[in-house]
Amino acid sequence: MAAPDRMDRVVNLAKRRGLVFPSSEIYGGFRSTWDYGPLGVLLKRNVKDAWWRSMVQMRDDVVGLDSAILMTPRVWEASGHVATFTDPLVDCRNCKERFRADQLPDSGACPNCGVKESFTEARHFNLMFKTFVGPVEDDASVAYLRPETAQGIFVNFPNVQTTTRKKPPFGIAQIGKSFRNEITPGNFVYRTREFEQMEMEFFVPPEDGARWFEYWCEERLRWYVDLGIPEDQLRLRPHETDELSHYSAGTADVEFRYPWGWGELEGIANRTDYDLTQHATFSGQDLSYYDQEHDRRYVPHVIEPAAGADRATLAFLLAAYDEEEVPDAKGGTDRRTVLRLDPRLAPVKVAVLPLSKHEQLVPLATEVADMLRPHFMIDVDAAGSIGKRYRRQDEVGTPLCVTVDFESVDDRAVTVRDRDTMAQYRVAIPELLALLRERLG
């Protein structure tokens, strides 16, 4: 399947099956904003849960935080965002569209209308959304929607370190909304003005920064592979020297092969002691750490793995999307769409399907559903032929279907169907929960 076709079909599936909707659609939409539907919110939550489990729950050297979106503007002055968080902006004099100057084609033609050499001089455009706190809109009440979650971690370093008694190396993880007034958002949920980040700041002794940077590069790449993205669709790309941020001693991106080419999934950066030093200078507070064991004081260096929950969700969708020819009931073939999502990410884990709406089957299907619901996110579907219902579950990635048929009334057993192999096997209802747990991990 050609890459553009894959993207178009995933976007179509997302809208049709309740994964992602255009925001404010009844009003004609609002550019580059999206709402996650009933299945999409489950998928994205599972991505975030998998990240949190890997980064916090399964480690004893990382703790969590949920910092405020609104912070004093002094935070963004210290971080450099007020002065330097800009993109070069140009306008096409012919069609009036706006573009980032550093992303224009070499031909010099406008990507929208095709007219050459029609651009205004580039001017710097700050990407932070400005707002006002309180009833008076003046310079004293200016605030910003955070463009990253990281700064909330840095300013809370002494609070977290003191209350948890953690010693470097240790990390602080956070999942939350960020906002950037992108000049050219696009590619579905890949580049948007409102998005969710999954970030962790790992504080280490200065001499250990390079070692921990390499560790987190390998660890974060492995996470995507473990959750089902093929290795040949991923790469770790170190930044060239001229790409590095002024504070970085090393940065690498985990990239995914999107339909339009390689794109960043996650950045891992060695931020040195820049952030803590800046906030100490601007706040007047001591953000150093005293190492009692070695009787020394230092400002920790920071390794930052920063991932986008929306970009990751899109990557998992694209990697999982498949179409194939399968045998049908009449001896021919049928084409089915299937999302081969890792069961940990699948929005619905188990679908309970009564063979029909017969009065004998519905009560038993309800009994089975009630038994499973406390343990898994399930769906109960009784509309249409059983074949069509299997297809509906396949295309949203449900790993297992449980069919209640007329034999089930007598033998108290059900048929379990596997999404990927379409194999079916009979299981006694008392043994069903244990089997599903084993299959779904």
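Contact is taken here to mean heavy atoms within 4.5 Å. The structure is a predicted model, in which local features need pLDDT of at least 70 and side-chain atom pairs count only at pLDDT 80 or more, while totals for chains, interfaces and linings use all residues. Residues are numbered from 1 along each chain as its sequence is written, and side-chain values use heavy atoms, with hydrogens and water left out.

His301 is placed in strand β16 (residues 301–308), where helices (H or I, at least four residues) and strands (E, at least two) are DSSP runs numbered from the N terminus. With residues up to four places away in sequence not counted, His301 touches Phe202, Phe203, Val204, Pro206, Thr272 and Asp273. At 15% relative accessibility His301 counts as buried, a class defined as under 20% relative accessible area, with exposed over 50% and partly exposed in between (1.4 Å probe, protein chains only).

Phe203, one of the residues touched by His301, also takes part in aromatic packing, being a member of one aromatic cluster together with Phe154, Phe157 and Phe170. The structure holds 20 aromatic pairs, a pair being rings of Phe, Tyr and Trp (its six-membered ring) with centres within 6.5 Å, and planes under 30 degrees apart counting as stacked, over 60 as edge-to-face and the rest as tilted. The ring centres of Phe170 and Phe203 lie 5.6 Å apart with their planes at 35°, so this pair is tilted. Because Phe170 belongs to strand β9 (residues 170–179) and Phe203 to strand β10 (residues 194–204), the pair ties together parts that are 33 residues apart in sequence. Both Phe170 and Phe203 are buried. In the pair formed by Tyr258 and Trp260, the ring centres are 4.7 Å apart and the planes are at 10°, so the pair is stacked. Tyr258 is buried, with a relative accessible area of 2%, whereas Trp260, at 33% relative accessibility, counts as partly exposed.

Aromatic rings are also involved in placements of charge over a ring, for which NZ of Lys or CZ of Arg must be within 6 Å of the ring centre and within 35 degrees of the ring normal. Arg271 lies over the face of Tyr247 at 4.5 Å from the ring centre, and Arg417 lies over the face of Tyr390 at 4.4 Å from the ring centre.

Phe213 is found in helix α7 (residues 209–226) and is buried, with a relative accessible area of 11%. Neighbours within four places in sequence aside, Phe213 is in contact with Gly250, Thr251, Ala252, Ile268, Ala269, Asn270 and Ile303. The C-alpha atoms of Phe213 and Val302, which are 89 residues apart along the chain, are separated by 9.0 Å.

Helix packing was described by axes, which are lines fitted to C-alpha atoms, for helices over the stretch in contact, with angles running from 0 to 180 degrees between N-to-C directions. The axes of α2 (residues 38–57) and α9 (residues 309–320) come within 10 Å and cross at roughly 110°, which makes α2 roughly perpendicular to α9; angles under 35 degrees count as roughly parallel, over 145 as roughly antiparallel, 65 to 115 as roughly perpendicular and the rest as oblique. This contact is made by Leu43, Lys44, Val47 and Lys48 of α2 and by Ala309, Asp310, Ala312, Thr313, Phe316 and Leu317 of α9. The axes of α10 (residues 361–372) and α13 (residues 429–440) come within 11 Å and cross at roughly 40°, and the two helices are therefore oblique to each other. Leu364, Val368, Met371 and Leu372 in α10 meet Ile429, Leu432, Leu433 and Leu436 in α13.
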